Each structure stands twice: as C-alpha cells, then as structure tokens.
Amino acid sequence: MRPATELENLLGEAESLTIVCHNNPDPDCLASALALGRIAAAVGIDERRILYSGEISHQQNRSFVNLLEMDIQEFDVADVTDRAASELLAFVDHSIPGSNNRVPADVSVDIVIDHHPADDITARFVDHRVEIGATATILTEYLRDLEIELDDRLATALLFAIRRETLGFLRGVTPDEYGAAGFLTDAADSDLLRKLSSPSVSGATVDAIADAIGNRTVRGSVLISHVGRTPERDALPQAADYLATLEGVETAIVFGIIEDTIQLSARSTDSRVNIGDVLSESLGDVGNAGGHREMAGGEVPLGIFADYTSDDTVLVDIVEQVISARLFAGLNLSEEN
C-alpha cells in the first residue's frame with residue numbers, strides 16, 4: 001500500500017486533526033501543514049487546526065503566512081493532551097515530541113511526515129525519508145497519488161517551500177523535488193511566487209547580518225561567526241547562507257544569543273563534513289543540535305553562562321569563546337589551521 005493511501009485510510013477514521021508545526025516554522029513546515037489539512041478536508045474531516053510555537057519572525061515566513069492567508073494558531077498544550085481516539089495529532093517537518101516543539105514528551109502522536117534525521121520515531125503513521133530534500137515534496141506526492149485538486153494557493157505554497165528548502169534546487173535536491181515542482185508549476189500563481197521570494201527585510205535583520213560579517217573567524221575553509229545578542233532569530237540562517245558564499249569558504253556557522261538561549265545555524269558544501277553531525281557532537285551534551293549533511297541548526301540554553309556575569313558585553317564574549325572553541329574542536333581545527 002502506498003503511503004498516501006495508508007494516510008487516507010487513517011484520516012478516514014477521524015473526526016478532527018491537529019497539525020503541530022515545529023518551533024519557529026519555515027515554509028517547508030507551513031506548506032506541508034497546509035497540504036495535510038487539505039488532504040484531511042478531502043476525506044471529510046471538518047475540524048482541522050494548525051498550531052505553532054515560537055515565533056514567525058523571518059520576513060519570508062511572515063510573508064508566507066500573510067500572503068497565503070494561513071489560519072494558524074499559537075500552540076496550547078491543552079490542544080494535544082487528553083484527546084479522544086477520533087482526534088488525531090500530526091507532526092510535519094519534525095518528528096519527536098519535545099524536540100523542536102513544545103509537545104510534552106509523553107504525548108502520543110498519530111501521524112509523522114518528515115525528512116530530517118531522527119531516531120526512535122513512534123506514531124501510527126510514519127513517513128520518514130531523510131533522502132528527500134523537502135517535506136513538501138512528500139506531501140505533493142500524496143496530493144498527486146490521491147488525485148486531490150490543487151488550487152493556486154496550495155500549489156504556490158508547496159512550490160515555494162521546495163524551492164526555499166533546497167536553496168533554489170542547489171542544496172539537498174533529488175529527482176523527487178524536480179518531479180514535484182513540475183507537477184505544481186502549472187497550478188502555481190507566478191505573481192504570488194515572486195512576492196514570496198522577495199519580502200522586505202527589517203533593519204534589525206540587516207544589522208545582525210552585518211555583525212556576522214564583521215565578527216567572522218576563518219580557519220581553512222571553515223567560517224564561524226556570531227551576532228551577539230539579537231531579537232532576530234531568522235537573521236542567523238540568512239547570515240549563514242550569505243557567508244557560505246564567500247570565496248574559499250565551504251562551511252559557515254553563525255550563532256547568537258536570543259532571549260535565554262544560544263541559537264545556531266550552519267551550512268556546508270564540503271563533502272568531507274556532515275554539518276548536522278558536527279553540531280550534534282559539538283553541542284549535544286549541552287543543548288539540542290543536528291540536521292542534514294549540508295544544513296543544520298541548534299539551540300543551547302544560556303544556563304550557566306548567565307551565572308558568570310550580569311554584564312551583557314562580557315556574557316557575549318564568554319559565549320563566543322566557548323561556543324567557537326567547541327565548534328572548531330568538533331571540526332578538528334586548531335589555532336594553527
């Protein structure tokens with residue numbers, strides 16, 4: 001039985017569906033949630049909701065939600081606990097309760113659709129394909145297999161998500177992404193696609209990227225930088241994307257202090273480096289980090305760092321020294337490299 005049919009059968013038994021996005025959801029997660037909701041509607045589930053936690057702060061993500069008029073609600077733990085058997089809970093673009101989401105670890109999940117590396121995924125329906133470039137690719141396959149009619153809004157959302165997740169079909173792309181894009185293109189709204197691709201950028205984001213440029217340290221083909229303290233979480237992946245294009249740089253990692261956590265974003269085109277493994281091995285004992293070979297991220301609680309000093313300038317210096325040292329050690333680079 002194909003995954004789409006198996007999913008359709010499970011949804012056919014339900015009366016409601018709650019779709020939980022990961023923290024600070026990106027277009028791949030958001031578009032996948034939209035598509036799963038559309039499939040649920042097609043099998044007769046009238047009660048559907050999409051939940052998120054964290055922030056939708058990246059200008060592209062805000063533009064995505066606004067231009068596509070997404071009905072998305074802030075996460076409340078009461079929405080996922082004490083469910084009846086007919087109330088299904090789904091994760092898209094993430095897979096483990098308590099990991100990159102605020103769902104309690106003891107909550108059972110019914111549906112998991114994801115392409116990120118993870119172990120010990122437990123759900124009634126699991127479609128976990130780490131070889132695929134985007135979760136939106138998997139959902140597009142379902143829509144195609146189930147012959148669910150595409151409108152321009154959903155087609156645009158999925159096509160944009162695939163393009164964004166693969167960095168314009170240059171990162172982690174597989175033949176499945178090209179096939180999905182071909183299927184979606186005729187139904188997509190080209191004007192809306194252009195608007196999603198060119199959102200306005202806030203001054204705070206530009207400042208954070210400028211800080212990352214100024215604070216960079218390069219050893220061999222590795223660049224590590226920080227932005228100090230910033231409210232702009234989504235400036236980190238944008239800075240990492242930009243710095244990874246510098247001549248001679250194959251691996252770029254950018255981190256910063258955001259509220260009470262240290263956030264990281266990493267990119268690599270070095271075939272010798274699995275940047276997801278590097279982050280996990282370097283920071284896994286003090287935080288939550290990992291991802292793909294070419295793209296990864298992480299979060300470390302500020303914790304004991306904040307106990308050393310109340311001076312934010314000193315705190316930034318301590319974090320910069322400790323995190324940079326861990327990352328360079330994880331990449332087997334010394335001061336002399």
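**Cysteines, sheets, cores and salt bridges**

The sulfur of Cys29 lies 3.7 Å from the closest cysteine sulfur, that of Cys21, which is too far for a bond. A disulfide is taken here as a pair of cysteine sulfur atoms within 2.5 Å, and the count by this rule is 0. The model is a predicted one, in which local features need pLDDT of at least 70 and side-chain atom pairs count only at pLDDT 80 or more, whereas totals for chains, interfaces and linings use all residues. Residues are numbered from 1 along each chain as its sequence is written, and side-chain values use heavy atoms, with hydrogens and water left out.

- Cys29 is buried at 0% relative accessibility, where buried means under 20% relative accessible area, exposed over 50% and partly exposed in between, with a 1.4 Å probe and protein chains only.
- Cys21 is likewise buried, at 0% relative accessibility.

**Parallel sheet**

- Strands (E, at least two residues) and helices (H or I, at least four) are DSSP runs numbered from the N terminus, and two strands pair if DSSP finds at least two bridges between them.
- Strands β4 (residues 87–92) and β5 (residues 111–114) run parallel and are joined by 3 bridges, with Phe91 opposite Val112 of β5.

- β7 pairs with β8 (residues 222–229) in the antiparallel sense over 3 bridges, and Thr217 stands opposite Ile224 in β8.

**Nonpolar cores**

- A nonpolar core is a set of buried Ala, Val, Leu, Ile, Met, Phe, Trp, Tyr and Cys residues joined through side-chain atoms within 4.5 Å.
- In the largest nonpolar core, of 58 residues, Leu11, Leu17, Leu36, Phe64, Ile111, Ile113 and Tyr142 touch the most other members.
- Helix α2 (residues 27–42) gives the most to this core, with 9 residues.
- Apart from it lies another core of 26 residues, among them Ile253, Phe255, Val273 and Leu327.

**Salt bridges**

- The structure holds 18 salt bridges, each a side-chain nitrogen of Lys or Arg within 4 Å of a carboxyl oxygen of Asp or Glu.
- Asp145 forms a salt bridge with Arg2, the closest N and O atoms being 2.8 Å apart; Asp145 lies in helix α4 (residues 135–145) and Arg2 in the segment before α1, so the pair ties together parts 143 residues apart in sequence.
- Asp151 bridges to Arg38 with closest N and O atoms 3.0 Å apart, linking the loop between α4 and α5 (152–165) to helix α2.
- In the salt bridge of Arg272 with Asp270, the closest N and O atoms are 2.8 Å apart; Arg272 is exposed at 66% relative accessibility, whereas Asp270 is buried at 7%.
- Salt bridges that share partners join Arg2, Asp127, Arg129, Glu141 and Asp145 into one network.
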